[in-house]
Amino acid sequence: MTNDDGKVRKIRPRNPGFAGITGEFDLTEAQIRGTDYVGARPLDGGHPSVAGTMPYQLTTRAPDLPLFEGEYLRRLEKVLSRYEDRRAALLPALHIVHEIRGYLPPEAMDEVAERLLLAPAYVRGVATFYTMYNLQPLGRFLIQVCTNISCNLCGADEVLREFLEQTGTEIGEISENGLWTVLEVECLGACGFPTAVQINERFFESVKAEDVPAILKRLEAEVPA
Amino acid sequence: MLSEHFGDPEARTLEGWEARGGYSALRKALGESRKDIIEEVKKSGLRGRGGAGFPTGVKWSFMPKDSGKQHYLLCNADESEPGTFKDRELMRWTPHQLIEGCLIGAYAIQASHCYIYIRGEFFEATQILARAIEEVYEAGYAGKDVLGSGHDLDITLHLGAGAYICGEETGLMSSLEGQRGEPRVKPPFPAVSGVFKKPTTINNVETLCAVPHIVNNGGEWYQQWGTEKSTGTKLFCVSGHVQRPGNYEVPMGFNFREFIYDVCGGPPDGRTIKAVIPGGSSVPIMSADELDVGMDYEAMISAGTMLGCGSVIVMDDTTDIVKQVRRMVDFYAHESCGQCTPCREGTAWAAKILRRIEDGWGTESDLDTLVEISENMTGKTICVLSDSAAAPITSSIEKFREDYLALIGAGTVETARSA
């Protein structure tokens, strides 16, 4: 965890590879996450080469916003320009829907099908294959706790239990205040810093059960009024 | 070499990377013939770092020459093997190292377009890489007529959506094309008919990151590290019950015991090591007395396991082996794409039987059943996910049979519900 001043707590010099937000270097969280380097990405996706890589899970939801208009349409068109086949834009298009709606409603998948000239059933077949596409609404914060082997060896079960207890939910439910949904996920690729927890698009690493209340408090403070 | 600039935020930026010698290899490569670059990479002995260890230069030479078709380079950044976290660090700290490798690789195989398929969960690494790619386009290292060479080199960053199987090269191609990430039968091999049915080469992030260094310094220089057949350095990801987990770059062939005990500090105080997985959850488990082995492809195979992608998972004497094997098999059952019956059924049933044993309601004959299922899952499917699921089962039953037997007959009323 970071200290109040935003500096990452320095434990002791370790090996050159370590780069969790809990550890090691005398760097700010922004430097470790790279947010100071990236800055704000434009809603239209920026350069076409990277237009398909915007956030997929936000705290905000826009249930009525048209899906492919204005900046979002420009983003999709940039994506389409990078492949020789229209179908290749399917995953990026579903990411855009997920970003706007917070999940994939059936009618939105149909709209994607229409736009990419695909059968609606085909789009659903693809959407259900990938775990990052949620077909049910979620809380504002999607808390995904890795319980695969490396995290599991270091107490991931307790971390998961603590998240469920503190949010008062069962796996996959939305909490009463609409803020939380907790899921158990497979390896997040941060095995050296157990337990790895992905909350919306952010990674929290080396999370222990006792860190859970502070993490939830920090997130709660971020909710736009 | 690869990890030199980890933890240095300045190395992320184009300016910082150029100040550290970045993109000199690209300039050099564009002045050389494609054949010479491939020969140099062949000479270096560099082998694919995604797990299979196939020689990179040889793979590149499979690509047709002057076919008149569009060629593609695919960078596999879908790092999702449990225990692996090296590519994420490479991308978040040294995005330009990867991009330079991609551009050189694309040039060498006559591909004018390189896709980097990055796993969807790696949001931070994706944003960093996206910014870096924008910088590269602004500076003219990518796009039309790169550095006045007359060659077009495009890069596109493609975001996955959470499926382990998309790390398999043909599954990755399916996914990039907008399909379910189902692996395809080979042949045709990707070099003949790959993504969009065009000649394609797929390389891991770490492999491509090594390329600029080889172009700059020569293949012979790269051979100074490692063994005769496994050259160079490699990132090893260490996790589990160890004092200092993290990424370590060491020469191939380094002694495994020394690595775990001296470099990584060994097990937590007062504990001893029980088992180690040397190359990610897909490779056979080693017991603590098997560790005097070199960390290279050949030595690991003669020790009955595999180097894989260098993901070392250490388990100490408090570990419940049965539970951890069950957890790994659960993972494969979840991630099986379901095309092949031995995998779809085998992983699901093996997971159920393992859970029954874990709950204390298994029988000794369950172990024979598990071994039999594992045999039927090995070498019988389109891709190796099925084989990967079988490896921890058979190796753990062979090496830790007592752990299984201790649980047989231990069932209680509480655990009976799940039996």
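This is a predicted model: local features need pLDDT of at least 70, side-chain atom pairs count only at pLDDT 80 or more; totals for chains, interfaces and linings use all residues.
Residues are numbered from 1 along each chain as written, with chains lettered from A and ligands numbered from 1 in written order. Local features need pLDDT of at least 70, side-chain atom pairs count only at pLDDT 80 or more, and totals for chains, interfaces and linings use all residues.

User: What makes the 4 strands of chain B an open sheet, and in what order do they stand?

Analyst: The order is 3-2-1-4, with parallel pairing. Strands are DSSP runs of E, at least two residues, numbered from the N terminus, and two of them pair if DSSP finds at least two bridges between them. Strand 3 (154–159) and strand 4 (200–204) of chain B each have a single partner strand, so one side of each lacks a neighbour in the sheet.

User: How do you know that strand 1 and strand 4 of chain B pair?

Analyst: DSSP must find at least two bridges; strand 1 (residues 72–77) and strand 4 of chain B pair over 5 bridges, in the parallel sense. Asn76(B) has Asn204(B), in strand 4 of chain B, as its bridge partner.

User: What makes residues of chain B count as in contact with chain A?

Analyst: Their C-beta atoms, placed from the backbone, must lie within 7 Å of each other. On that basis 68 residues of chain B are in contact with 55 residues of chain A. Helix 7 of chain B supplies the largest share of the chain B side, 10 residues. Helices are DSSP runs of H or I with at least four residues.

How values were computed
Two residues are in contact if their C-beta atoms, placed from the backbone, lie within 7 Å.
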